[in-house]
Amino acid sequence: MQQIARLAALQHRAKDAIYLPTLREVQECVPSQFYSKQGSQQWLNVVTEHMQYVQPLNPHQARAQFLGLVSAFPMFGSSFFYIQSLSSSTIQAPCILAVNLNGLHFLNKDTHVSKRLTHLQCQTFTTKV
């Protein structure tokens, strides 16, 4: 929750906003699957706490920090593909395929839980495709 709140605060500051975010602005910055798990007021409070740390940044610095944080995510820089059917006993379709420098990641279409293939599995999988 803290990392998401920090990202939301950085997004708000990157817009050159010098005022505290509103409930609506926080809702727009927080992914819905996380926003719905906490109360609106709780998200507003946590994002507001993070605003004191990002307020001294200029918009360019806020964008740079935001990108620095999200670039560490395992799916950063991925290309995503929707897979409707698959002839694999280890991967269930339909699913989402994420391809990036770290390899192939199959994500459950509903939960987005990832199953990463090992190098050997990738070689076996790609020879079948």
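Student: Why are α1 and α4 called oblique to each other?
Tutor: Their axes, lines fitted to C-alpha atoms over the stretch in contact, cross at roughly 60 degrees and come within 8 Å. Angles run from 0 to 180 degrees between N-to-C directions; under 35 counts as roughly parallel, over 145 as roughly antiparallel, 65 to 115 as roughly perpendicular and the rest as oblique. The pair is therefore oblique. This is a predicted model, in which local features need pLDDT of at least 70, side-chain atom pairs count only at pLDDT 80 or more, and totals for chains, interfaces and linings use all residues. Residues are numbered from 1 along each chain as its sequence is written, and side-chain values use heavy atoms, with hydrogens and water left out.

Student: What makes α1 roughly antiparallel to α5?
Tutor: Helix α1 (residues 2-14) and helix α5 (residues 59-70) pack at about 150 degrees, with axes 8 Å apart. That angle makes α1 roughly antiparallel to α5.

Student: Which residues of α1 make the contact with α5?
Tutor: On the α1 side they are R6, L7, L10, Q11, R13 and A14, where contact means heavy atoms within 4.5 Å.

Student: How do you know that the length of α1 agrees with its residue count?
Tutor: The expected span is 1.5 Å times one less than the number of residues. For the 13 residues of α1 that gives 18 Å, and the end C-alpha atoms are 18 Å apart, so the two agree.

Student: Which residues of α1 are buried?
Tutor: Among them are I4, A5, L7 and A8; buried means under 20% relative accessible area (1.4 Å probe, protein chains only). Their cover includes α2 (23-29), α3 (32-35), α4 (40-54) and α5.

Key
Helices (H or I, at least four residues) and strands (E, at least two) are DSSP runs, numbered from the N terminus. Buried means under 20% relative accessible area, exposed over 50%, partly exposed in between (1.4 Å probe, protein chains only).
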